[in-house]
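Here are my notes for a first look at this one. Have the view open while you read.

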Amino acid sequence: MIHVGIAEDNLFALKAIEDKLKSFEDLKIVFIAKNGEEAIAQAEKQSCIDLILMDINMPDIDGITATEIIR
């Protein structure tokens, strides 16, 4: 099972990503964040995340900064 987090502030794009990922039986969405700050908080709570799909342009903390902090 591949555990995936999503960080996306655009609801239309988020819905499209969710719909596509749900079609894969071996993927599990473990969190959804609406900005970089939420992504960081969610990543700290999860013990097993294999992949985070991170938007670059988000409010509060952008995706590049959030990725640097999470890494």
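1. Start with Ala-7, which sits opposite Met-54 in strand S3. S1 and S3 run parallel, joined by four bridges. Strands here are DSSP E runs of at least two residues and helices are H or I runs of at least four, both numbered from the N terminus; two strands pair if DSSP finds at least two bridges between them.

2. A word on the source: this is a predicted model, where local features need pLDDT of at least 70, side-chain atom pairs count only at pLDDT 80 or more, and totals for chains, interfaces and linings use all residues. Residues are numbered from 1 along each chain as its sequence is written, and side-chain values use heavy atoms, with hydrogens and water left out.

3. On to the whole sheet: it is open, with three strands in the order S2-S1-S3 and parallel pairing. S2 (27-33) and S3 (51-54) are at the edges with a single partner strand each, so one side of each has no neighbour in the sheet.

4. S1 (residues 2-7) pairs with S2 in the parallel sense over six bridges. Ile-2 stands opposite Leu-27, and His-3 has Lys-28 as its bridge partner.
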